[in-house]
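Trainee: I would like to learn how to read the contact between two chains. Where do we start?

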Number of protein chains: 2
Amino acid sequence: MGVCQLIEKSIVNIGIIGLGVVGRGVLKILSDNKELILKRTGKEVVIKKAAARTEKTLLSTGLPKEMLTINPLEVVEDKDIDIVIELIGGYNPAKEFIEKALKNKKSVVTANKEVIAKSGYELLKIANENNVYLRFEASAVGGVPIIASLYRSLTSYDINRLVGIINGTTNYILTDMYESGTSFENSLKEAQRKGYAESDPTKDIEGYDAAYKVTILASLAFGARIDINDVYREGITNIDPIDIKYADELNYRIKLLAIASRKEDNIDVRVHPMLVPKSHLLANVEGVYNAVFTEGEGYGKLLFSGPGAGSLPAASMVVSDLVDIARLHGRPYIEDLSYNHFKNLSILNIENTINPYYLRIRVNDRPGVLALIANSFAVHKVSFASVIQKEAFQDEVDVVFLTHETEEYRIRGALSSIEKYPEIKGISAFIRVLKE
Amino acid sequence: MGVCQLIEKSIVNIGIIGLGVVGRGVLKILSDNKELILKRTGKEVVIKKAAARTEKTLLSTGLPKEMLTINPLEVVEDKDIDIVIELIGGYNPAKEFIEKALKNKKSVVTANKEVIAKSGYELLKIANENNVYLRFEASAVGGVPIIASLYRSLTSYDINRLVGIINGTTNYILTDMYESGTSFENSLKEAQRKGYAESDPTKDIEGYDAAYKVTILASLAFGARIDINDVYREGITNIDPIDIKYADELNYRIKLLAIASRKEDNIDVRVHPMLVPKSHLLANVEGVYNAVFTEGEGYGKLLFSGPGAGSLPAASMVVSDLVDIARLHGRPYIEDLSYNHFKNLSILNIENTINPYYLRIRVNDRPGVLALIANSFAVHKVSFASVIQKEAFQDEVDVVFLTHETEEYRIRGALSSIEKYPEIKGISAFIRVLKE
């Protein structure tokens with residue numbers, strides 16, 4: 001054990017960059033729970049400087065004027081600041097601020113999924129080289145402490161599979177579409193009205209946000225370096241209320257899922273809508289709630305669930321990272337070894353993934369059309385679990401197919417040959433199905 | 001940051017006491033995942049000595065004879081051992097071994113819920129005084145890393161409430177009774193046949209195991225010193241299949257729940273069967289699975305779920321504690337501050353708790369009897385949510401009541417005055433109900 005005297009600092013100075021919803025939540029927690037944090041860290045955590053884009057935001061914090069700045073570099077370069085909290089979001093210039101802070105020997109806490117998904121490995125390396133800590137609990141599943149669990153508790157085996165709902169906005173929209181039967185556009189407006197979707201909702205509804213998050217989770221779970229560009233991503237803008245209704249009749253819910261699984265050195269990481277059997281716990285995760293299942297030899301199936309959005313849930317995870325670093329501050333650095341053995345693993349192309357499929361095909365309501373489809377599917381070695389003829393529209397009709405598990409290239413092959421027949425009016429829905 | 005040179009030991013020697021189901025799981029993980037553990041700790045974790053009660057158990061491990069002993073003190077007093085893993089269970093002599101190991105400057109990992117529930121505070125103090133670590137992740141919810149989450153992630157606010165299913169044996173039995181409609185005795189035998197219940201199942205079926213676990217969870221969640229003797233405890237031996245059936249008809253499941261809640265300096269900690277609304281996630285936690293909800297200002301509702309029994313799930317949590325300590329081994333000690341601010345909080349008497357109730361009362365099938373009961377309940381200020389007359393048995397009939405929320409002393413008062421009437425044949429069931 002240690003033979004040297006350690007001089008403990010009893011104060012830890014922090015700087016915050018970004019005072020949006022989460023940033024203001026952090027300020028609130030730090031002021032409400034001073035005592036609790038002192039007890040847990042043995043240190044007084046003091047806000048030294050706060051940066052935001054506008055004077056108005058800065059003044060709304062009620063912090064003394066001399067602590068406020070619109071220049072984030074003043075935080076990152078302040079010699080007295082020990083820990084920087086980065087909460088501006090987006091890749092640029094956030095990544096630069098984090099990197100500068102680490103190189104200036106400041107530990108960093110961030111909720112920035114885009115930066116961590118794209119440059120987490122590089123930044124962890126810089127942190128280690130500079131004997132400081134980089135923590136990012138709030139970057140993956142909002143208020144759910146799953147990163148700490150992956151990184152510090154699930155360490156005796158590898159994880160083989162993750163599946164989850166990790167975007168609150170899209171889960172709110174899909175829940176609302178299910179409950180009210182309304183269109184995607186209407187539910188999006190409702191989500192925006194309630195503050196669950198941003199005015200430019202692209203990152204959420206197109207699945208980028210979930211793709212960043214699953215990249216982070218899969219990296220930690222598999223000990224892998226993952227190129228975000230290889231992660232297949234599909235959003236929910238094309239989900240038609242009619243498919244939510246048909247899925248319901250078949251005992252499924254439609255959810256935007258993130259999936260990551262591993263077979264030896266091949267990994268399958270993707271984000272897209274799926275039909276989830278109603279008996280599956282994920283089918284019952286509603287509104288802005290998030291949930292992640294992890295599976296690994298030895299662990300069995302674990303579920304972590306909680307609020308996927310909101311100021312205080314995310315802010316509480318930021319503060320928990322801060323508490324952890326503050327506790328270690330002033331002591332000899334504990335090197336983070338895990339990232340050292342991160343491997344480059346190759347991601348399975350979506351065409352080679354294996355799923356059951358839900359298909360809705362609009363056809364001419366005429367004898368022989370089903371045989372036509374059935375033949376094409378047989379040629380491509382796709383077999384059906386069920387076929388249901390739905391409502392007719394004049395002389396056209398929707399037919400819904402549930403297939404057995406098959407490689408995606410087979411189903412794509414079958415669909416592109418079917419599309420050529422004049423009797424086929426269109427592939428109206430193509431949604432993967434989660435196997436129970 | 002640290003200015004002194006640290007000499008790292010590259011080997012960590014461990015000793016294991018107890019080679020039952022979990023102990024053998026730990027041996028398996030340590031031998032299967034050597035490489036992974038080396039990468040995560042930077043140390044080689046070497047088993048130096050293993051103790052078990054019988055020669056036969058020892059030899060079945062396949063470890064070299066010179067490493068084996070039937071005397072646990074040889075492990076605890078071995079100068080070369082850095083970390084002791086205690087897995088014998090029960091209070092005596094396990095507590096003595098843990099204490100001796102800590103005083104001999106060895107860190108300890110244990111899965112011993114009874115020792116931690118009764119003496120955790122005292123042992124954490126001894127560990128801190130001796131600059132060693134005491135970890136006990138596997139002591140509360142089997143393979144679910146909830147202790148690390150409470151202790152290290154949920155640190156920015158206090159937790160106000162925990163509710164969960166934390167005993168795998170009883171959940172298996174109640175699931176089996178629900179699915180097969182059979183008696184408690186039959187389901188217990190089935191559980192024993194499958195290895196989910198011990199030959200002497202008392203600790204599980206009478207709720208002792210869950211009471212130990214909720215004491216540990218509540219202590220950490222509330223930062224409290226809790227006297228296990230004040231924790232109200234009721235098992236599942238009196239659960240009648242007929243009540244499982246009636247509950248089902250009312251849209252409830254019967255589960256053995258652990259509850260801990262806090263209002264300022266008063267806490268309510270208890271273990272007993274409850275009717276759980278089927279729409280509640282806990283109603284759908286089946287078989288040996290466990291699940292815990294936590295609630296706290298800022299966090300919202302979090303759910304942690306996973307296998308509550310089994311060799312590898314529990315062993316993987318033991319090894320994760322071991323990995324964590326091994327990583328810190330040879331570095332200056334990081335004092336655990338949290339326990340320093342544990343308060344003595346008083347536990348609410350069960351008579352003063354507030355619940356809705358499910359009651360089944362056997363009465364003479366005669367006019368006026370219901371009025372008799374209704375009057376007594378009105379006198380004690382208990383009001384009904386529903387009253388259902390069930391099957392008749394000759395001239396007797398079962399009447400099922402669901403009450404609104406009320407203090408328990410009121411309902412007990414009402415029942416004891418009702419019991420005196422000759423028309424009342426017996427209070428056949430008295431089960432608390434979980435409010436949604």
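Mentor: Start with a term: two strands pair if DSSP finds at least two bridges between them. This is a predicted model. Here, three bridges join strand 13 of chain A to strand 13 (residues 300–307) of chain B, and the two strands run antiparallel.

Trainee: Which residue of chain B does Leu303(A) stand opposite?

Mentor: Leu303(A) faces Ser305(B), in strand 13 of chain B.

Trainee: How is the relation between two copies described?

Mentor: Two copies of a chain are related by a rotation about an axis and a shift along it. In this case, a rotation of 180° with 0.0 Å of shift along its axis superposes chain A on chain B, with an RMSD of 0.0 Å. That is the relation of a two-fold axis. The C-alpha of chain A nearest the axis belongs to Phe304(A), 2.5 Å from it.

Trainee: How many residues does the contact take from chain A and from chain B?

Mentor: Chain A gives 52 residues and chain B gives 52 residues. On chain A, the elements that each supply at least two residues include helix 2 (34–41) and strand 13 (300–307). The side of chain A that touches chain B has 25 nonpolar, 19 polar and eight charged residues. Of the interface residues of chain A, 100% are also interface residues in chain B, so the copies meet through the same surface.

Trainee: And packed helices?

Mentor: Two packed helices are described by the angle between their axes and the distance between the axes. The axes of helix 7 and helix 11 of chain B come within 9 Å and cross at roughly 15°. That makes helix 7 of chain B roughly parallel to helix 11 of chain B.

How values were computed. Residues numbered from 1 in each chain as written. Chains lettered and ligands numbered in written order. Predicted model: local features only at pLDDT ≥ 70, side-chain atom pairs only at ≥ 80, totals over all residues. Least-squares fit on C-alpha atoms with pLDDT ≥ 70 in both. Contact = placed C-beta atoms within 7 Å. Helix = DSSP H or I, 4+ residues; strand = E, 2+ residues; numbered from the N terminus. Nonpolar A, V, L, I, M, F, W, Y, C, P; charged D, E, K, R; others polar. Axes fitted to C-alpha atoms, helices over the stretch in contact; angles between N-to-C directions. Parallel < 35°, antiparallel > 145°, perpendicular 65-115°, else oblique.
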